[in-house]
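Thanks for asking me to look this one over. Here are my notes, with the model first.

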Amino acid sequence: LIPTLDQYVWCEAAKQVRDWKERLGIPLPVSVNVSRIDLYDPLLVDKLEEIVRQNGLSNEDLLLEITESAYTENSDQIISTVKTLQKLGFRIEMDDFGSGYSSLNMLSALPIDALKLDMSFVRNAFRERKDTRLLEVMILLAESFEVTTIAEGVETAEQMFTLKMMGCDIIQGYYFSKPLPAKEFEVF
């Protein structure tokens, strides 16, 4: 059922982006998950482009989150599919970076536009010893590959300001807000 559920979520996200553009005049891209199973679907590219077209959006309006672990199985086929999506203008975010088993060498071959640091790194870095060296290295790594860094799971002002000082591009988490329905989010 994963592909069916994912496609439903993509459609709903695209409708919401269209609504915000039309009603509020705000172009606000939304990240959606693309599972490893989706990446084996030979019609994936067509399905995503059709969803975008039906909603009058550009491919940049749906940000595609693909977990790091998805790249480790049958990586040639998956990388080929992701490269096609990227060439068509979809932005690719590697989700949960650092939680899987990909090699740093493989990272240089992956078509990605952003690295989403797994929230466990943020939590671990700010425990008793407050050792943020690994976060710093990961942010520098993303900078060296010229991709955006996204830290997830940020819950305190200390975490947010420290990540900002390290050069993290995007910071998300409960520090800003819990997940919200669209109408409540619009207040922001």
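This is a predicted model: local features need pLDDT of at least 70, side-chain atom pairs count only at pLDDT 80 or more; totals for chains, interfaces and linings use all residues.

1. Residues are numbered from 1 along each chain as its sequence is written, and side-chain values use heavy atoms, with hydrogens and water left out.

2. The chain holds 9 helices and 6 strands (DSSP runs: H or I of at least four residues for helices, E of at least two for strands, numbered from the N terminus).

3. For 188 residues, a compact globule would have a radius of gyration near 16 Å, and the chain agrees at 17 Å (taken over C-alpha atoms; the rule is 2.2 Å times the number of residues to the power 0.38). The C-alpha trace spans about 50 × 45 × 30 Å along its principal axes.

4. Buried residues make up 39% of the 188 (buried is under 20% relative accessible area, with a 1.4 Å probe and protein chains only).

5. Now to helix α1, residues 2-24: its 23 residues should span 33 Å at 1.5 Å a residue, and its end C-alpha atoms, 32 Å apart, agree with that (the expected span is 1.5 Å times one less than the number of residues). Just after α1, Gly-25 has a positive phi of about 70°.

6. Which residues of α1 are buried? They are Asp-6, Trp-10, Ala-13, Ala-14, Val-17 and Trp-20. These pack against β1 (30-33), α2 (36-39), α3 (44-54), β2 (62-67) and α9 (182-185), where contact means heavy atoms within 4.5 Å.

Note on methods. Buried means under 20% relative accessible area, exposed over 50%, partly exposed in between (1.4 Å probe, protein chains only).
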